[in-house]
Amino acid sequence: MGARFEFRLLGPLEIARDGELVPLGSPKLRVLLASLLVDANRVVPMDVLVERLWGESASGRGAGRARDTVQTYMQRLRQSLGAPEIIVTRSDGYLIDAPGDALDLRRFEGLARRGKSLLDQGNADEASQVLSAALDLWRGDPLAGVPSDALHRELVPALVEHRLATLENRIEADVLRGLHSALVGELLVLTQQHPLRERLWGQLMLAYYHSGQQAEALRTYQTVRTLLASELGVDPSAQLQQVHHQILRADPALAAVSTPAAPSARLVPRQLPAHTPHFVGRGQELEHLSKLAHDASTVTISAIVGTAGVGKTTLAVHWSHQVADRFPDGQLYVNLHGFDPSSEPTAPGEAIRGFLSALDVPPDRVPLSPDAQAALYRSLLVGRKVLVLLDNARDSDQVRPLLPGTSSCHVMITSRNLLTSLVAHEGARSLSLDTPGVDEARALVAEHLGHDRVAADPTAVDDLITWCARLPLALAIMSARAAHNHGLSLRVLADDLGDDTALLDALDTGDSVTSVRGVFWWSYRHLGEQAARMFRLLGVHPGPDISWRASASLAGLPGDEARAALAELTTAHLLTEHRPGRFAFHDLLRAYAVELAGPKEREDALPRLFDHYTRTAVAASAALQPLRDGITLDEPVSGVEPEQLSSHAEAWSWFEDEEPVLSAVARLARDTGFHVHAWQLPWALAVYLGRTSRWQELTEQQHTALPSAEALGDLDAQGRIHHMIGHARSELLELDKAEHHLLAAMELYRRLGDGPGEARAHRGLGFLFDRLTRWDEAVSHGRAAVALFEASGHLGGLASALNAVGFYLSRLGRYQDAVSHCERALTLHRRLDDRQGEAYTLDSIGVIHHHLGDHQRAIDAYQRSADLLEELGDHFEHASTLDRLGDTYLAAGQVAAAHRVWERAAALFDDLRHQGADAVRNKLVASGRQGVIQGRPR
């Protein structure tokens with residue numbers, strides 16, 4: 001008999017072997033063991049182990065040395081456990097063989113899931129027992145004693161959230177059991193510890209009510225309503241209001257009803273595309289998919305594989321809608337464009353960032369590194385029942401980073417490739433999808449055309465099906481054409497289609513595109529002139545989708561004519577309006593459109609395409625940052641109608657929609673030699689990427705733009721690009737690279753005699769040296785920027801540089817000089833009506849007066865800054881300023897005021913899912929300890 005192990009992660013890390021605790025040795029061994037256990041029974045890649053062991057310092061160790069060290073630690077760990085066989089070596093990493101009942105984390109997840117299911121079934125007694133057993137597994141803070149920042153960031157927040165949700169479920173079960181009086185004391189403590197969790201307040205109200213304390217229940221509602229209004233400016237949720245109304249009128253239903261379902265503190269994503277109204281058949285396939293998606297100890301993965309146009313996406317979407325209620329925490333969807341002929345496959349990092357946005361993570365709170373983004377994505381899904389649909393995957397490598405790490409989720413993948421690596425290593429189960437049989441194909445045609453029309457000429461229908469090779473995409477296009485010509489007999493249509501297909505048989509190579517080219521041609525040649533031309537030109541566009549306004553510019557048409565052409569293409573099933581006003585091709589149709597567009601047509605369309613996006617993006621950039629130094633644009637070519645974006649909200653919404661398109665258009669501009677557009681588009685997009693903290697993408701785009709600027713010999717463009725790369729590298733803490741690019745920008749601006757440009761480079765270097773804590777050098781560069789901006793009369797730049805100098809001087813303790821610079825900056829910002837600059841400068845002034853001991857002036861400055869930031873919707877800086885305001889209140893002896901603003905700051909940080917919430921709460925707990933003033937210049 002082998003040794004029996006128990007692994008404990010829900011508290012201090014512990015291992016028991018046959019009931020005896022095993023000494024764990026060095027901290028690194030604890031990190032290594034915890035790294036294997038959190039992914040028990042799955043291979044943990046070597047690079048993940050290195051990251052969890054050494055974090056950011058891993059890059060400095062060298063890949064070979066790090067791997068050798070991991071191997072040494074692994075050998076020592078096996079010796080410590082006394083059972084080397086439970087740690088298995090794989091080609092790409094290691095796994096620990098740990099049965100589900102041996103690991104407290106897996107037991108907790110299983111019990112929490114079973115308890116919730118029992119609660120949903122109304123079995124309160126057993127649910128309470130099971131949920132209590134789950135909570136009893138917690139011995140303290142998870143992963144305590146495991147010194148790995150990476151592991152703690154990756155797992156702890158989601159685990160703590162899962163525990164709280166399980167605790168709320170157990171309380172709900174006890175409410176149903178009638179244990180009201182016993183719950184009041186527990187809930188009083190919990191609502192103080194977690195004041196913004198409305199479900200707990202609702203449970204407290206019900207506990208009071210059922211204990212005969214109706215007045216206390218109503219008073220509790222007033223308490224939480226006041227709290228939410230003062231802290232968040234919102235009313236209680238509809239569920240909490242319903243409980244209040246029921247208590248007011250002593251609703252008899254309360255005798256049998258527990259608290260309402262928990263109001264979601266997070267956005268529940270519902271990203272599934274609309275399923276086709278003409279879906280028929282595929283009964284065996286649907287049943288097979290449902291069998292594949294059974295519960296398992298790890299995430300379940302199903303893959304639908306097959307040729308293009310066979311209906312993989314249609315089947316996946318239809319099945320996903322059928323089972324959506326089994327995934328109440330949401331459904332995520334992404335088109336990975338694995339085989340799009342006009343665009344590159346979607347990078348996994350881009351897909352993850354889209355998922356994080358759908359999961360309600362604000363863009364400026366998304367981690368910088370791709371690995372950290374993936375870790376956050378996996379953490380957010382822990383314990384949540386979410387369906388993830390990954391459509392049109394290129395290969396296993398594109399999919400693997402998008403897999404959740406929790407058994408509560410299910411992943412559905414579609415691909416033309418077999419994904420054999422995913423089947424072998426991740427246990428994916430695949431369904432090979434073939435063309436439907438003749439009967440199903442006939443049923444699909446009947447769904448489009450009506451059963452009577454199909455029954456009237458079954459031979460013609462069979463011929464139509466034959467010409468379409470039973471491919472669902474071709475059948476849908478053919479049926480749309482036949483439906484449009486209702487007066488013609490199906491025999492005439494079948495003969496017509498057969499003639500066109502026969503003409504192209506010689507070109508048939510067996511590839512999906514050429515196999516159905518005849519069907520495409522048959523439908524295309526019946527289009528009106530404008531619609532046919534629009535179809536060809538859409539093949540010029542790089543995707544992934546296009547708005548009707550961009551289509552109008554692409555074709556050089558007035559808006560109403562462009563919309564009419566798009567409507568005709570949509571009716572013919574040659575185009576899909578996947579969102580209102582936004583259109584996309586099936587990959588096969590895009591490939592066919594590319595074939596049809598002639599060189600002259602393409603040559604004429606490209607300038608219109610590039611002008612539309614460049615001019616609109618520059619206007620949107622100006623709306624987001626009005627005081628940014630602009631660029632000079634050439635006159636647009638004839639037929640281009642840029643979009644009119646005047647407000648911040650319109651510009652932001654446009655960038656959200658178009659950012660993937662802009663990246664693809666910029667690459668196309670570079671590849672086709674349109675170098676002006678190739679650098680101007682990334683320049684315009686940089687503001688949006690910076691505001692969303694996507695510094696790595698910004699850097700990559702600017703590096704792509706730089707060769708075009710160099711090809712043009714445009715020194716101004718090169719200077720701007722080097723400056724943007726330098727700033728992004730500073731944000732990414734790649735400080736040597738940042739300095740290189742900022743110095744390159746400075747040299748270019750000096751050659752041009754561009755004073756404001758040189759000043760911007762100095763300001764960027766000041767920011768860099770502040771990060772390096774070399775504040776004398778930061779001040780020096782800041783003063784150089786001030787002098788250059790002042791000499792050129794650039795007031796916006798001057799105000800920003802003065803604030804920066806003031807902030808750096810405060811770092812050096814030169815507070816009087818610092819406040820003088822910031823007051824001057826404040827005057828300029830107000831003259832320019834730059835409210836964001838005013839808010840940032842007021843925050844700097846607050847920092848300075850705090851250090852001077854002038855608490856009232858600091859409070860006044862912070863409060864005005866916070867008010868402005870709240871108006872602007874700058875939530876992170878608003879929370880940070882409130883945090884510092886609390887420090888000053890505490891220093892002034894106003895403890896209650898400090899608590900008030902800290903609680904508000906913690907709530908804002910919570911909304912952003914930012915770790916600043918923990919630091920603020922530590923100040924609340926240790927209310928007599930003064931916090932540290934932190935910040936940086938803006």
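This note goes through a predicted model, point by point.

1. The sheet. Five strands form an open sheet with parallel pairing. Their order is E8-E9-E10-E7-E11. Strands E8 (331-335) and E11 (429-432) stand at the edges. Each has a single partner strand, so one side of each lacks a neighbour in the sheet. On average, neighbouring strands are turned by 15 degrees against each other, direction ignored.

2. Pairing of E7. Strand E7 covers residues 300-305. E7 pairs with E11 in the parallel sense over four bridges. E7 also runs parallel to E10, and six bridges join these two strands. Ser-302 has a bridge partner in E11, Arg-429. Ser-302 also stands opposite Met-412 in E10. The next residue to look at is Ala-303, which stands opposite Ser-430 in E11.

3. Helices on the sheet. Helix H11 (residues 283-292) packs on the sheet and touches E7, E10 (410-415) and E11. The direction of H11 makes about 175 degrees with that of E11. Helix H12 (residues 312-322) packs on the sheet too, touching E7, E9 (387-393), E10 and E11. The direction of H12 makes about 160 degrees with that of E10.

4. Burial of E7. Six of the six residues of E7 are buried. Both faces of the strand are covered. One side carries Thr-300, Ser-302 and Ile-304. The other carries Ile-301, Ala-303 and Val-305.

5. Positive phi. Asn-392 has phi near 65 degrees, a positive value. Asn-392 is found in strand E9. Its relative accessibility is 11%, so Asn-392 counts as buried. Leu-419 has phi near 55 degrees, also positive. Leu-419 is found in the loop between E10 and helix H16 (420-426). Leu-419 is buried, with a relative accessible area of 5%.

6. Helix crossing. How do the axes of H24 (residues 529-538) and H28 (residues 599-624) cross? They come within 10 Å and cross at roughly 75 degrees. H24 is therefore roughly perpendicular to H28. Arg-533, Arg-536 and Leu-537 in H24 meet Glu-601, Ala-605 and Arg-608 in H28. The contact residues divide into two nonpolar, no polar and four charged.

7. Arg-536 and Glu-595. Glu-595 lies in helix H27 (residues 587-596). Glu-595 and Arg-536 are 59 residues apart in sequence. In space they are 8.2 Å apart, C-alpha to C-alpha. With 40% relative accessibility, Glu-595 counts as partly exposed.

8. Cores. The largest nonpolar core has 76 residues. Those with the most contacts inside it are Met-534, Phe-535, Leu-538, Leu-569, Tyr-613 and Phe-655. Which residues does Phe-535 touch, not counting those up to four places away in sequence? They are Tyr-524, Leu-569, Leu-574, Phe-585, Leu-589, Tyr-592, Ala-593 and Leu-596. A second, separate core has 51 residues, among them Leu-9, Val-22, Leu-36 and Leu-77. In soluble globular proteins, nonpolar side chains tend to be buried together.

9. A cis peptide. The bond joining Gly-543 and Pro-544 is cis, with omega about 5 degrees. Pro-544 has its place in the loop between H24 and strand E12 (546-547).

Conventions. Residues numbered from 1 in each chain as written. Predicted model: local features only at pLDDT ≥ 70, side-chain atom pairs only at ≥ 80, totals over all residues. Heavy atoms only, no water. Axes fitted to C-alpha atoms, helices over the stretch in contact; angles between N-to-C directions. Parallel < 35°, antiparallel > 145°, perpendicular 65-115°, else oblique. Contact = heavy atoms within 4.5 Å. Nonpolar A, V, L, I, M, F, W, Y, C, P; charged D, E, K, R; others polar. Pairing = 2+ DSSP bridges. Core = buried A, V, L, I, M, F, W, Y, C linked by side-chain atoms within 4.5 Å. Buried < 20%, exposed > 50% of the residue type's maximum accessible area, 1.4 Å probe, protein only.
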